[in-house]
Every structure is written in structure tokens, then in C-alpha cells.
Amino acid sequence: MELAERPLDGADSGEANASFIPLSDPDITFAELSAVETLLCSPQISNGRITEAFEHAFAAYLGRKYAVAVSSGTIALLLALKTLGIGPGQEVIASPYSFRETVHAIGLAGARAVFADIDYWSGTLVPAKAEERITVNTRAIVAGNANGHPAPWSELRAIAQRHQLPLLEDSTEAIGSSYKGELVGRFGDLAVFDFAQPLALSCGEGAMVVTDDIDIAVGLRRHCAHRLDERSSVVVGATAPYQCGMSDLTAALGLAQLKRLDEILERRRLVEQLYNAHMQSFEGIKPPYVGPDVTGVNWLLYLVHLGTRFTRSGRDAIVDDLRAAQVEAAAYCHPLHLQRHYFDLGYRRGDFLVAEKIADRALALPFHTHLTNNKIEFVVETMKDASINVGAGAAIY
């Protein structure tokens, strides 16, 4: 099935250069525009009733009891750590193959990120390797659903229970994906979702923390912000908040997107199918891997894993060739342990060989609902030509 572009009014979607194919492009319709316009005409656009409505709707979507809307994924995880009492001198297990801004929250809380290597196929944290890194200073495990692929939550939960550690679920890249028939966001003691671009549900910026624990929910709110009706509360006043709540303006956009989420995800799956069909003509390229316990994946980006004949510089050359052809592409992840902030903590190349091997050859291609069959065909053919230019062939994995 070929996708037709669906910009507003059938016009160009706003690109300064109509031939440019961006890495991401939010799916915005008149429903979102109407919601924002209505809010702008109201007397309240900062944190208020629309944010509360978004929280309730998001919690209901996941089947969780509580949801707290905040300003970013980083802040979401930071508040979670603060609520759990995690800080200086303590350690948190995490993946080095991750969205760096979220994991940065561990350092911002004063704790140390202790990395464990990932699975070669899924890109998610390997439970046994995570368990090996647990020490007397470990206070939590943070596991993510890499590029939308769910982590092995049953095994991770067993480890967390065995060591009496909270399990935090980083679902910033995976809204709508499912593991053993359940939506991601339901497996951790709490879970974090992000709404910045290029996420499927995008409202510019913002994030949500969900949990079933009322004490965690109350703690999150106290660290997040003081509401106007709490100005005289002695109890609330005992906590200095970060004042990082979501505005009603952002929540109005998010709520409208949430109501259309099934439609947005279905259109993204159609784009994935078109990519997979065109990739079949690319010798050695396989469709994205889906694990045996995974019952649904909604990819953040269409990720191609180049073969071992490619080098990191070869992958980067392909990215440059694509950009020269007006196609935005990117290296999916630069391993966290090789970034300066963590390098200064003593991490070095060679510490996590699987994460390094995958990251050196992972190529993220444009992935959004405004891609047509012709555009996808052009992206794939351009990538094939670029791979020949670097002299590495097309082998994958």
C-alpha cells in the first residue's frame, strides 16, 4: 500500500526546500491546531486542567494508576531518581547504547552511571551483564526499549526483585510497542516517556512519568512543581521543587496527539513496510530484528545495521552522501561511555564491545508519516549507491 503525503490542506508540509527529506516530521493535523487554538483563547495556558487531563488520559492509555507530566525526559528520570532517594555515592545500572540526555539524569542526581553491554540483535540491555555490574552501591536499574524494541522485561524484573532494586523503564523511544502482549511502560516500578521530536507522539518538548505506586507519584509531584492552590501548604513547602511541570499549551498538543496515536502508529507501520520492501533489493540487508517475546514494535527511526566490512568512517561517508542528496540521515548512537562526560569517569573504548560494534555501523534513515513510496525508494537507492562509493559492499550483520 502506497502512502500519500498528508500535509495540511494538501500543501507542502513547510520545508524550505521541497526536495529535502527530513529525518523526522511530526504528524500534525487540524485536530492538533484546533486544540492549541482553543487553549490559546482560554485564560489559562500554563500548568492546569489540560495538563491534568493529559495525565489522566495517558495513564488510562497504559493502564497505570498515575502519570506526572514534566518538561523533558531528562527531568522525568531525574525526578524519579530524586523521589527514590538516589544521589551522591550511589550507582545506577544503565545501557551505554541509549538516548544520552535521559541517562544524563543519573549524573545530574549526583549518582554514577554504571554501564552494562547490550544484545547484538535488539540493542537492549542484557540482563545477565546488568546483574554482573550490581554492587553494594547499586540503587536502581534503568533499562530502555532501544529504538522502540522492548527490553527483556521478565528477566530484568527477576534480577531487580532478586537484588531488591527498583526497575526504571526508559520508554522514551518506544510508545505503543509491546512485550508479551503488554504495552511498554507497564514493566518498571515507574516508566518514562518523552514527547520531543522525532517521537511518534510529539508535542515539541515534554515527557511523562507513569507508576502504580502512590508514594512515588506524590514524590514526583512534590519535586516537580507547586500548584497555585498549594501555596499555603507547609508539607509541600518542605520540598524545593524544580518547577518543571508541563504547560497546558504543550499538554493540549499532546492530548490531541494521544487521541490520534493509533492512527499515527499505523501510518508509521506502513512506512516501515515500504522500507522493508525496498530493502529486499539491497543485497544482505535484512528487516529490523524483532525478539521472540516482542509482540509489537513501533520504531523511533528506520535503523539499518551495516555489515562488518563497513567502518565507522564508511558509515559516516554514507550519511554525508545522503545529505548531499538532500536526505537527512544520522549515526543512531554514539556510545555514552565514549562521550567526554563518561570518559572522565574512567570508561574507555573496548569496555562494551557490542555497543561499540553496533553503534559504529548503525545508520538512521528518515522515518515519519509524510514519506511516500517514491521518497522511500529514493532514500534506499541513494544509500545503496553510497555504500558502493565507500567500497564496502552491502553485507549486513
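Helices (H or I, at least four residues) and strands (E, at least two) are DSSP runs numbered from the N terminus. The model is predicted: local features need pLDDT of at least 70, side-chain atom pairs count only at pLDDT 80 or more, and totals for chains, interfaces and linings use all residues. Residues are numbered from 1 along each chain as its sequence is written, and side-chain values use heavy atoms, without hydrogens or water.

Helix α7 spans residues 214–224, and its buried residues are Ile216, Ala217, Gly219, Leu220, His223 and Cys224. Seen down the axis of α7, these residues fall within an arc of 165°, so they line one face of the helix; the arc is that of the directions from the helix axis to the C-beta atoms. An α-helix has 3.6 residues a turn, so residues three or four places apart point the same way.

Leu79, Ala80, Lys82 and Thr83 of α3 are in contact with Asp215, Ile216, Gly219, Leu220, His223 and Cys224 of α7, where contact means heavy atoms within 4.5 Å. The axes of α3 and α7 are 9 Å apart, at an angle of about 120°; axes are lines fitted to C-alpha atoms, for helices over the stretch in contact, and angles run from 0 to 180 degrees between N-to-C directions.

Terms used:
Buried < 20%, exposed > 50% of the residue type's maximum accessible area, 1.4 Å probe, protein only.
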